[in-house]
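Student: I have a structure open and would like to learn how to read its features. Could we go through it together?

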Amino acid sequence: ALAQLFEAQKLDTIGQLTGGVAHDFNNLLMAVLGSLELLEKRMDPEDARARRLVDNAVQGARRGAALTQRLLAFARRQELRPETAAVAGLVEGMRELLERALGPSVRLAAAFPPDLPPIRIDVNQFELALLNLAVNARDAMPGGGAITLDGSTAADGPDLPPGAYVRIRVADTGAGMDEATLAKATEPFFTTKGPGKGTGLGLSMVQGLMAQSGGALRLSSVPGRGTTVDLWLPATPALAAPALAPAPPEPRFAA
Ligand code: ADP
């Protein structure tokens, strides 16, 4: 199941990147087509050879535009479906999966205050994000260690407007990152894990999810001591009637 999840996540991230590139590329092609049409109008109608060349260019650009439309349709499947969810319940529902991913030498501790407000997030994507962070932490602790998850409320976050947020902190006791690695860690395709081991898409996907969800991500790290990943997500006002409180999610990952 883990391997499938990673495949799903790779596809998600590729989908997001594809969507962005396809969109920009489509805009460029539209500009090219516009220029070609103007050129066509100003051309010598007797010059059949030039006309054929421009026709070819127009057809090529049209085919390219049709292709970007298909890519955009593919990327749009990645639209987020935010739900109201309690972080503690989400993490509890994933505990087994997380423990399996971390292996026997990494201890997992999670503590969330009972009055922590629920967050607005696409639950599936959020679970993938947490799994990514856990796997990164594991990879940074080959000799074992601990990963700690906790949450608190925050009135702001990095580059976020003032508001009500939940800050989720994922801290490990691993190798940490030097400054150069830390600066590049969230870039798509940046990895220090070597071919076949890392895709370099994990943190960029998590950061993308935070940004699209109205939140933020910040990394801090001390080489030799460990890494802390802070996630900010918009909090939703706690629901008044207990009957309306969000139910803890079903574990989504079958063994
Ligand atoms: P990948 O895990 O495939 O390499 P990521 O985008 O998740 O891709 O991470 C990029 C890089 O950031 C990693 O290769 C690693 O060098 C560094 N990194 C990420 N998380 C941690 C962590 N918890 N501790 C130390 N280094 C980390």
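Tutor: Gladly! Let's begin with the shell around the ligand, which by class has eight nonpolar, 13 polar and two charged residues. Keep in mind that this is a predicted model.

Student: Which of the 23 residues around the ligand come nearest?

Tutor: Those are Asn136, Ala140, Thr191, Gly198 and Gly202. Helix 4 and helix 6 each contribute at least two residues to the shell.

Student: How do I describe two packed helices?

Tutor: In general, you give the angle between their axes and the distance between the axes. Here, the axes of helix 4 (residues 123–139) and helix 6 (residues 202–212) come within 9 Å and cross at roughly 145°. The crossing of helix 4 and helix 6 is left-handed.

Student: Which residues in helix 4 and helix 6 meet?

Tutor: From helix 4, look at Gln125, Ala129, Asn132, Leu133 and Asn136; their partners in helix 6 are Gly202, Met205, Val206 and Leu209. This contact comprises five nonpolar, four polar and no charged residues.

Student: Where does Ala154 lie, and what is Ala154 in contact with?

Tutor: Ala154 lies in strand 4 (residues 145–154). Setting aside neighbours within four places in sequence, Ala154 is in contact with Tyr165, Arg167 and Trp232. Ala164 is ten residues from Ala154 in sequence, and the two are 6.3 Å apart in space, C-alpha to C-alpha.

Conventions. Residues numbered from 1 in each chain as written. Predicted model: local features only at pLDDT ≥ 70, side-chain atom pairs only at ≥ 80, totals over all residues. Helix = DSSP H or I, 4+ residues; strand = E, 2+ residues; numbered from the N terminus. Contact = placed C-beta atoms within 7 Å. Axes fitted to C-alpha atoms, helices over the stretch in contact; angles between N-to-C directions. Left-handed = near helix turned anticlockwise from the far one by under 90°. Nonpolar A, V, L, I, M, F, W, Y, C, P; charged D, E, K, R; others polar. Near = placed C-beta within 6 Å.
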